[in-house]
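Keep the model open while you go through it.

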Protein chains: 4
Amino acid sequence: MTEPDTPTRILAAADELFGEIGYDGVSVRDIAERAGVNKALVFYHFGSKDELFARILDRYYTEHQRALERAFEADLPVRERLHRVMDAYIDYISENRHYPRLVQRLVAGSGAHMAPIKDNLGALFQSTVEALEDIAPTAGPYSARHFFVTFSGAVINYFTYAPVLAPVWGGDPLSDEGIDERRAHLHWLVDAMLGGMRPPG
Amino acid sequence: MTEPDTPTRILAAADELFGEIGYDGVSVRDIAERAGVNKALVFYHFGSKDELFARILDRYYTEHQRALERAFEADLPVRERLHRVMDAYIDYISENRHYPRLVQRLVAGSGAHMAPIKDNLGALFQSTVEALEDIAPTAGPYSARHFFVTFSGAVINYFTYAPVLAPVWGGDPLSDEGIDERRAHLHWLVDAMLGGMRPPG
Amino acid sequence: MTEPDTPTRILAAADELFGEIGYDGVSVRDIAERAGVNKALVFYHFGSKDELFARILDRYYTEHQRALERAFEADLPVRERLHRVMDAYIDYISENRHYPRLVQRLVAGSGAHMAPIKDNLGALFQSTVEALEDIAPTAGPYSARHFFVTFSGAVINYFTYAPVLAPVWGGDPLSDEGIDERRAHLHWLVDAMLGGMRPPG
Amino acid sequence: MTEPDTPTRILAAADELFGEIGYDGVSVRDIAERAGVNKALVFYHFGSKDELFARILDRYYTEHQRALERAFEADLPVRERLHRVMDAYIDYISENRHYPRLVQRLVAGSGAHMAPIKDNLGALFQSTVEALEDIAPTAGPYSARHFFVTFSGAVINYFTYAPVLAPVWGGDPLSDEGIDERRAHLHWLVDAMLGGMRPPG
DNA sequence: GATGAATGAGTATTCATTCAT
DNA sequence: TATGAATGAATACTCATTCAT
């Protein structure tokens, strides 16, 4: 119940603002004001706006990767493993609503913070491809890599497009019921993809 | 072969820079320099940075919508129509590489230029839902609205994630061959979705 | 009934804007727009913003001086001559409402357009002092020069302060009735001053 | 003897420049340079050029009003009270030479900073009218309101016209002797006005 | 740790003015 | 005469960052 300490408050404020508006549109002043701390403290605790941003990204990447790794590691048949990974993906994103926006904006943006995102997405890409290596070819339209893109796009875009589609969606797409419905759709998608895969060779 | 005139050069430069970096990260100075014109001319011809940005968005929206409408209008069975729309979508985006990045960044961003994007996506959403109204329910995990999100995410994210995935992809995902391979995958996805749909009632 | 020609329209527009807002607050673009002519024509016809302003001032000074000279010249006793000058002053200003504002702003302003105003006011000053030379001393509290300042301030400030005092004035100070009332006050003031003057020596 | 702090130096520089040249003709750069401080500090300490200007005006209005109120409050016969007010007016303006120029320019200018000037002048107007209510009618050429305009114009215009009239004046109108002479003239004016007033009814 | 002040480079935008047609 | 385009300097204001206290 005690007040969070200064670095925590700065991180929280920066997370919100970067998540909502993006790196370029947010000033250190904005962050300090939202955190209720002196502007100079942002630099005292995090060195620079850039490092602060990197810290936030880092935390997301690490947590996200860990969550997916746990799901991947389970000693289960491929199909069950993929469903578990899908659930873990949905869970993580629905609990970290700013994360998909950050990623989407970075991916579509310039090269500034590309390096960590390449590492992160690359690792996830490789885990998925490896998990599918027995049942999917490595190239061609039914290869694991294409399923990866369709797969991750289907999850992440639901969350990023929700605010824009809300007026025509019919109901709140980000309510618990909305997300459950999407979850069911995504599990169907996993099965549809598995059905569409043709073993290599 | 003659030099393009000033407004054209400004539009081209602005398209590139907004497409690569985003509204907030680009200055009017950058645009003028890339266009090789005096900074004040940007304001003389377009009034403000904001109007210049709106002009670029407008053009994309109009062209995109028109391209999809042409595909939707064809007097063909649903399945063939959807495949045509998918081709039109892929064609338009692969010929306008900055467009998906702009849209993705706007969707994931703050509310500044949200209005036109809501209109544009909303219209596309409704066309798709109507096209599917005989073969898909209006709600639930297999409803047209979910297919729309999965569908459009699978197209657009391929293009926006390509630069980031390139190092691990194996081959250039945005080469002609890469896009053809994706096209085949997406056509499979259309059929998979059609197979997964259950008629309403 | 024919449309006035371009230089005339520019002068009219400039007169309004300089009169209402002042030199620094008005741009050549504003003037051209109000005149309904191309901006470059302002420079074609008048050379520069500064020369345009000088032209307007010149016209006012010349007309004003001429109006007062005519009144001064009359072969009448001092008292009648002063009343005639007062009427001419009031008439000129009430027919050229922008003029007192221009003068007031120039007098209170920087040294940019001071030269012509010095000439103009200086001439008026000397005419008045000469007209009074038989009945007023040249120095001291009852000298002509002090009456000149009180006199001209009482005329000009009525017009410049009117818009500001209007809400508390009770009636429109710049209506015909308002001005007539002021005229009566000013004629009383002339007589009071004449009564207060002591012949030199 | 210690150096004044930054806000004080900015206020002093702004007072001089606004007083000499006017709001539109002065840039924040000019102010910062004259104050010998970094340009951004003007915004750090005062928010905007406009707020800085308002601060300066506010101070003048408050001080001026207070000075006149003190003079008005004295428990003296009307005539003595008016002479005291006249002295307070002259004293305040001769000690704050930029003030009459600011007021004159504002009054003759556009509507930007009109609100506070209306309040200020309106209050002064009403005090004067009330002070005279027993000896002057409320309307007509000998009403208090006309005496107010003549009265205040005779004070303020002496100071604003002085620089322009100096070359023909004979002696420096703003020297101590010059001001004393004017003071004598103004006290005569008060008496002349009192003599010219006719009790209401 | 925390603060208020300071800085120099940068932001979008407007300016008076010029010029080719 | 008239016009649309062009220019370079200036405008108010914000930025990330530093520093003395």
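Predicted model: local features only at pLDDT ≥ 70, side-chain atom pairs only at ≥ 80, totals over all residues.

## Salt bridges, domains and an interface

C:Glu16 is partly exposed, with a relative accessible area of 28% (buried means under 20% relative accessible area, exposed over 50%, partly exposed in between, with a 1.4 Å probe and protein chains only). Its partner is C:Arg34: the two form a salt bridge with the closest N and O atoms 2.4 Å apart. By salt bridge we mean a side-chain nitrogen of Lys or Arg within 4 Å of a carboxyl oxygen of Asp or Glu. C:Arg34 sits in helix 2 (residues 28-35) of chain C and C:Glu16 in helix 1 of chain C, so this pair ties together parts that are 18 residues apart in sequence. Helices here are DSSP runs (H or I, at least four residues), numbered from the N terminus.

Residues are numbered from 1 along each chain as its sequence is written, chains are lettered from A and ligands numbered from 1 in the order in which they are written, and side-chain values use heavy atoms, with hydrogens and water left out.

### More salt bridges

Over all chains, the structure holds 27 salt bridges.

| Pair | N to O distance |
|---|---|
| C:Arg34 and C:Glu16 | 2.4 Å |
| B:Arg183 and B:Asp87 | 2.7 Å |
| A:Arg79 and A:Asp191 | 2.9 Å |
| C:Arg145 and D:Glu181 | 2.9 Å |

In chain A, A:Arg79 belongs to helix 5 (residues 78-95) and A:Asp191 to helix 9 (residues 176-196), so their bridge ties together parts 112 residues apart in sequence. A:Asp191 is partly exposed at 29% relative accessibility. Shared partners also join A:Arg79, A:Glu80 and A:Asp191 into one salt-bridge network.

Over in chain B, is B:Arg183 buried or exposed? It's buried, with a relative accessible area of 19%, whereas B:Asp87 is partly exposed at 24%.

### Two domains in chain A

Chain A splits into domain 1 (1-47) and domain 2 (49-196), with bounds from an automatic or database domain assignment. Their C-alpha centres lie 27 Å apart. The contact (heavy atoms within 4.5 Å) takes 19 residues from domain 1 of chain A and 14 from domain 2 of chain A. Between the two domains of chain A there are 0 salt bridges. On the domain 1 side of that contact, helix 1 of chain A gives the largest share, 9 residues.

### Where chain C meets chain D

How many residues of chain C are in contact with chain D? The count is 54, against 53 residues of chain D. Together the chains bury about 4,700 Å², 67% of it on carbon and sulfur atoms; buried area is the accessible area (1.4 Å probe) that two parts lose on being put together, summed over both. C:Tyr161, C:Val164 and C:Trp188 supply 14% of the area that chain C buries against chain D, more than any other three residues. The rule finds 2 salt bridges across this interface, and the C:Arg145 and D:Glu181 pair joins the two chains.

Conventions:
Helix = DSSP H or I, 4+ residues; strand = E, 2+ residues; numbered from the N terminus.
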